[in-house]
Amino acid sequence: MADTTIDFEAVYRALPGMVALLTPDLVFADVNDAYVRGTGRPRASLLGRHVFDVFPESLNSPAASHSHQLRASLLRVLATGERDAMALQRYDIESPEHSGNWHEHYWSPVNSPVLGPDGRVRLIVHRVEEVTEFVRARGLDGDTAGRVLEAELYTRARELQELNNRLREAHAREREVALVLQKAMLPAHRQVGHRRAAVRYRPAVGALNVCGDWYDLVDLVGGHRIGVSVGDVVGHGLEAAGVMGQLRSALSAASRVADGPAQALNVLGRYANVVHGAESATAVTTFIDFDRHVLTYSSAGHPPPVLLHDDGRVEFLDRATDPPLDARPDPQPRPQASTAFEPGATLVLYTDGLIERRREDIDVGLRRLAESLRHHRTLDPEPLADTVLRELLPPGGATDDTALVVVRL
C-alpha cells in the first residue's frame with residue numbers, strides 16, 4: 001500500500017499565494033516561498049521578528065498610513081477568533097538594499113485564525129495578494145484603485161453567477177434527457193409471467209437520474225420460465241447509460257434463444273469486448289423454471305443473488321461466478337449452477353451499491369442484506385423492496401448506483 005502521509009510543511013511552502021504565519025504577539029512564525037519572493041525579504045530576516053518592525057510605515061508617504069488598519073484587523077482576529085478580510089491597502093516597502101528608498105505597493109490582505117483545542121487563537125494566517133500592477137496599469141491613486149477593484153470584483157462575481165446559471169440550465173436539460181433515457185431502457189412492468197415482482201433503481205448521490213446499473217425481466221420460450229438479470233457498468237452519466245442500454249438489450253435478446261444463463265453471458269461477453277465503455281462491466285442472470293421449481297444462474301463478476309426460502313433460510317447463489325464480461329479477449333464458456341426452490345420463496349438480485357460501503361468488508365454488507373430479508377420475509381415484493389432499500393442504503397443516499405429486483409417464486 002502506498003504511503004499516503006502528507007508533508008504539510010512542504011505543501012505550505014509551495015502554496016502559490018503569499019502566506020505568513022503570525023503569533024498572537026504579531027511575530028513571524030513562518031512564511032512560505034511566495035511571501036519571500038513577493039516581499040523581497042529572506043526568510044531568516046523575517047522569522048522571529050515583529051511584523052511592524054520588518055515592515056514599518058513609510059514616513060515619506062502620506063498615502064501610506066495604513067499600518068494601523070492592518071494592526072486593527074490582526075487584533076480583531078485575536079479578539080473574535082474569526083476571519084477578517086481587509087479592503088485594498090497601500091503599504092509601501094523599504095528597499096532592503098537602500099535604506100530610505102521606498103517602493104509603492106498595493107495589497108489585498110485576509111487574516112484568518114488558527115484555533116487551539118481550548119478555542120483560543122494560536123496563530124494568524126496572514127494571506128496577501130499583491131495588486132500593485134493592477135493599480136499601475138489603471139493609472140489610479142489608492143482610493144480610486146479601491147473603488148475600481150471593488151467594481152472589477154463585482155463584475156467578475158456577476159459573470160460567475162451567470163455562468164453558474166447556464167451550468168444549472170444545462171444540467172437540467174441533461175437530467176431531462178436522462179429521465180427519458182431511463183424510462184426507455186429500463187423495463188417498468190412489475191409482473192412477468194403473472195409472477196409478482198418489484199424493481200427499484202436509485203442513482204448515486206449527486207448523479208443524474210440514470211447511470212450504469214440496470215435490470216431486466218423477460219419471458220423465456222418453452223414452458224413457464226422467466227429470466228431475471230442485473231448488471232453494472234462502470235461510470236455515471238449519459239455515456240454509462242448508453243453502454244448500459246446496449247448490454248441490457250443484448251442480454252435480453254440472448255436470453256430468449258440461449259440454452260441457459262451461462263450461454264447468454266457468453267454471448268454478452270463477446271459483445272462487451274467490442275463496446276467502448278463496457279470495460280469491467282459485470283452481470284448476473286437467472287433462469288427460473290416454475291414447472292420444475294429449479295433456478296439456474298451464472299455470474300460475470302457480480303455480487304451473488306439471494307434465494308430467500310419460505311422458512312427463512314437465506315441462500316447466496318455463488319457457485320457459478322466468473323470474471324467480468326470483458327475479462328478475457330477470447331471468452332471461455334462460463335459456469336452455471338442450479339438450485340431447487342419451493343413455491344413462496346423469494347429471489348433477490350441487486351447491484352453493489354446496496355451492500356458495499358467504503359472501508360467495510362463486503363461480507364458485512366452481505367450479512368446485513370441477509371438479515372433484512374430474513375426479518376421481513378413475509379412481506380410482498382413491493383413493500384419488501386422498499387424496506388430493504390430503507391434499511392441498507394445510507395440516509396443521505398449511496399455513493400454508488402443501486403438496482404434491486406425482488407421476485408416471488
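This is a predicted model: local features need pLDDT of at least 70, side-chain atom pairs count only at pLDDT 80 or more; totals for chains, interfaces and linings use all residues.
Residues are numbered from 1 along each chain as its sequence is written, and side-chain values use heavy atoms, with hydrogens and water left out.

**Exercise 1. The whole chain**

Find how many helices and strands the chain has, and what share of its residues is buried.

Solution. Start with the DSSP runs, numbered from the N terminus: helices are H or I runs of at least four residues, and strands are E runs of at least two. The chain has ten helices and 20 strands. Next, take buried as under 20% relative accessible area, exposed as over 50%, and partly exposed as in between, with a 1.4 Å probe and protein chains only. Of the 409 residues, 45% are buried.

**Exercise 2. The largest nonpolar core**

Solution. A nonpolar core is a set of buried Ala, Val, Leu, Ile, Met, Phe, Trp, Tyr and Cys residues joined through side-chain atoms within 4.5 Å. The largest one has 25 residues, and I288, V405, V407 and L409 have the most contacts inside it. Now pick out V405: leaving aside residues up to four places away in sequence, its contacts (heavy atoms within 4.5 Å) include A198, Y215, V228 and L347. Apart from this core lies another, of 22 residues, with A254, A272, V275 and A300 among them.

**Exercise 3. An aromatic pair**

Decide whether the rings of F290 and F341 are stacked or edge-to-face.

Solution. Rings of Phe, Tyr and Trp (its six-membered ring) pair if their centres lie within 6.5 Å; planes under 30 degrees apart count as stacked, over 60 as edge-to-face and the rest as tilted. By this rule there are two aromatic pairs. For F290 and F341 the centres are 6.3 Å apart and the planes stand at 80 degrees, so this pair is edge-to-face. The two residues are 51 apart in the chain: F290 sits in the loop between β13 (282-289) and β14 (294-300), and F341 in the loop between β18 (337-340) and β19 (346-350). Both F290 and F341 are buried.

**Exercise 4. Salt bridges**

Trace the salt bridge between R43 and D33, then the one between R334 and D322.

Solution. A salt bridge is a side-chain nitrogen of Lys or Arg within 4 Å of a carboxyl oxygen of Asp or Glu. The whole structure holds 16 of them. In the R43 and D33 bridge, the closest N and O atoms are 2.8 Å apart. R43 is in the loop between α2 (33-39) and α3 (51-54), and D33 is in helix α2. R43 is partly exposed at 23% relative accessibility, and D33 is partly exposed at 31%. Both residues also belong to a network of salt bridges with E9, R13 and D30.

Now turn to R334 and D322, whose closest N and O atoms are 3.3 Å apart. R334 lies in the loop between β17 (321-322) and β18 while D322 lies in strand β17, so the bridge ties together parts twelve residues apart in sequence. R334 is buried at 10% relative accessible area, and D322 is buried at 13%.
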